[in-house]
Amino acid sequence: MILNRQKSVAVDLASARAFARRLHRALRLGKREFNVGIVDDREIRRLNFTFRGKPGATDVLSFPWSEGDVSGARSARGREFKNFLGDVVISAPTARRNARAAGHSTRIEIDRLILHGVLHLLGYDHEVDQGEMASLELSLCQRMGIESPPQKGRSRRTGHTGIARHAMVE
């Protein structure tokens, strides 16, 4: 599910949903699902501070889900989230700024951030791995026909935070 919870940047939700479906197939996620919330800088700044203790807006946050997040994971609610990977939250204004700086569209940037966020939901972490996430991200960008991410050490993401603690975007 993709929800647009901001009004400052026009977002092509149909395109984002189509990309998320293609990504789902490319990653062979099967029954596993994820949500994407598109918010403004104020909201992502609040989430970034609340869940990571970091001030300022960022482009994307990932909130992995674990069965331990629901008391009694065998309950009806626990079964409801059995195949749920988590939430990806994207700041549309930050995505637009990043897109302009990189010379491509906001739509492409949002696709890249969805991809990046979902890789974090799957357990990849570019801050501690030996380039596995960056390599997979580059490969997926090429296979899916979107511009490749910047080379290591030349990040377009100012203050990119990666994985955050659990939260639901409502």
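Helices (H or I, at least four residues) and strands (E, at least two) are taken as DSSP runs and numbered from the N terminus. The model is a predicted one, in which local features need pLDDT of at least 70, side-chain atom pairs count only at pLDDT 80 or more, and totals for chains, interfaces and linings use all residues. Residues are numbered from 1 along each chain as its sequence is written, and side-chain values use heavy atoms, with hydrogens and water left out.

**The whole chain**

Select the protein chain. Its secondary structure comprises 6 helices and 5 strands, which follow one another from the N terminus as β-α-β-α-β-α-β-α-α-α-β. Of the 170 residues, 45% are buried; here buried means under 20% relative accessible area, exposed over 50%, and partly exposed in between (1.4 Å probe, protein chains only). Now display the surface. The chain exposes about 9,200 Å², and carbon and sulfur atoms supply 48% of that area; accessible areas come from the Shrake-Rupley method with a 1.4 Å probe, and for residues only the protein chains shown count as cover. A contact is defined by heavy atoms within 4.5 Å. Among contacts with a separation of 6 or more, residues 24 or more positions apart account for 72%.

**Salt bridges**

Select the charged side chains next. A salt bridge requires a side-chain nitrogen of Lys or Arg within 4 Å of a carboxyl oxygen of Asp or Glu, and by this rule the count is 3.

Begin with R107 and D111, whose side chains form a salt bridge at 3.3 Å, N to O. Both residues lie in helix α5, 4 residues apart, about one turn of the helix. R107 is partly exposed at 40% relative accessible area, whereas D111 is buried at 3%.

Move to E43 and R46, where the closest N and O atoms of the salt bridge are 2.6 Å apart. This pair belongs to helix α2, with a spacing of 3 residues, about one turn of the helix. E43 is partly exposed at 26% relative accessibility, and R46 is partly exposed at 43%.

Then select D41 and R97, which meet in a salt bridge of 2.8 Å, N to O. D41 lies in helix α2 (residues 41-52) and R97 in helix α4, so the pair ties together parts that are 56 residues apart in sequence. D41 is buried at 13% relative accessibility, while R97 is partly exposed at 43%.

Centre the view on L23. Neighbours within four places in sequence aside, L23 is in contact with I114, L115, V118 and M144.

Select H24, which lies in helix α1. Is H24 buried or exposed? H24 is buried, with a relative accessible area of 15%. Apart from neighbours within four places in sequence, H24 is in contact with L29, G30, R32, E33 and F34.

**Helix α6**

Select residues 132-143, which form helix α6 and include L136. The helix has 12 residues and reaches 16 Å from its first C-alpha to its last, close to the 16 Å expected at 1.5 Å a residue; the expected span is 1.5 Å times one less than the number of residues. Colour M133, E137, L140 and C141, the buried residues of α6. Seen down the helix axis, the buried residues of α6 fall within an arc of 100°, so they line one face of the helix; the arc is that of the directions from the helix axis to the C-beta atoms. The buried residues of α6 pack against α1 and α5. The face turned away from the buried side carries the exposed residues Q142 and R143.

Finish on L136, which is partly exposed at 23% relative accessible area. Beyond its neighbours within four places in sequence, L136 is in contact with L119 and Y124. After α6 comes G145, whose phi is positive, near 75°.
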